[in-house]
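Biologist: Please take me through one part of this model up close.

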Amino acid sequence: METMTNSLVVEKAKSSKIHQVDFNNLSFGSVYTDHMLVCDYVDGAWQAPKVIPYQPISLDPSAKIFHYGQSIFEGMKAYKDEAGKTWLFRPLENFKRLNKSAKRLAIPELPEEYFMEGLTTLLQVDNDWVPRTPGSSLYVRPFMLASGKGFHASPADEYKFIICCAPSGAYFSGKVKVLIEENYSRAANGGVGYAKAGGNYAGQFYPTQLAVAKGYQQVIWTDDNNHEYIEEAGAMNIFVRIGDTLITGPTSDRILDGITRKSILDIAKDEGIPTEVRKISVSEVVEAAKNGELKEMFGAGTAAVVSPIASFGYKDSDYDLPELENSYATRLKKRITDIQYNRAEDKFGWRYQVQ
Ligand code: PLP
Ligand code: COI
């Protein structure tokens, strides 16, 4: 049945798969809701988006996504509060970053109303899928891909913008051990590191596999010049606490400008925690670990939320982080998730109700 919600066409699924899902045992991003949003770019314009039943998409084998990797994505979450209301966290930031990535990958930018109306309509239709179980949320994955045909190495003339959603639990299981990379690079000056381009992630898989084989979960990327400075991890920005100061590296054209990162910085300042945004050298971190000044390291991102790092490896040595009571990571995670789940005042105006 096709209905209009707001101004969008909604084609409802004939039946729901929701009863097949164990909401008490959710992994990350592996089961999908009943519907998806699709929007096609054809004849030089984005066409009106539609909500349709979740289904495979069909592409010509010559579609440029397959050959030249012209694709980008975003990651956001929808949260349900005690009263059953659904909330997003700073969705316009994801929209702006999507278009920033689109521009860098020569993909046509999407109008804001298509993103916001499409997103909110999809979340209304699949509202029952936003988990109520503690620590869980609906992971929302907007993405764009080049569906236009041709082996010519140039931008496609047709694209798809799609949003799919997955009720999800924690991204990491167990303690997070990271390896500080001294050989491979994730991004370079003038490159696409700041964009959420699919290829940025594909390029990390092999070095990450090598790190996983050594018992680490993620790689901490360092600068591509001399591997001297800490940049970010595969799916999160990095914070380091030396003494009482919380430090994170500056964003650049090599680093993703994380929404969690900037929110954590604002919350930390609000908590009275001394913060610094500056380059962090690997030698400084190793030195601080050796002399006991390195109190905490944690990653911050939509999927990872705030994930404390238990230890890091560098040049064949492992360094353990202390387990602190009342750590910055615990305090900051509580503050940000209390805002996201509508459990606390939102003095920054970050929450966005889906209604
Ligand atoms: N860095 C990378 C490479 C990421 O993929 C992500 C996840 O989106 C982040 C950082 C954190 O960004 P955000 O907090 O906006 O999710
Ligand atoms: C996110 O945190 O939303 C991300 O996009 C990271 C992803 C690679 C899982």
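Biologist: How much space lies in the second largest pocket?

Modeller: Happy to! In this predicted model, where local features need pLDDT of at least 70 and side-chain atom pairs 80 or more while totals use all residues, the second largest pocket holds about 730 Å³ (the space filled by probe spheres set on its points). A pocket here is an open set of 1 Å grid points where a 1.4 Å probe fits, with protein on both sides within 12 Å along at least five of seven lines. Its lining (residues with an atom within 4 Å of a point) has 35 residues, with Phe 73, Tyr 171, Tyr 201, Gly 234 and Ala 235 nearest the centre. Elements giving two or more of these residues include β9 (137–146), β12 (218–222), α5 (259–270) and β17 (294–301) (DSSP runs, at least four residues for helices and two for strands). The biggest share, six residues, comes from α4. By type, the lining has 17 nonpolar residues, Tyr included, beside 13 polar, Gly included, and five charged. Because domain 1 (2–168) and domain 2 (176–340) both contribute to this lining, the pocket lies between them; the bounds come from an automatic or database assignment.

Tyr 201 is also among the closest of the 17 residues around ligand 1 (a heavy atom within 4 Å). Its polar side-chain atom sits 2.5 Å from a ligand 1 oxygen, a polar contact (N or O atoms within 3.5 Å). Numbering starts from 1 in each chain, chains and ligands follow written order, and side-chain values use heavy atoms without hydrogens or water.

Conventions:
Polar contact = N/O pair within 3.5 Å; in protein donor to acceptor, adjacent residues only side chain to side chain.
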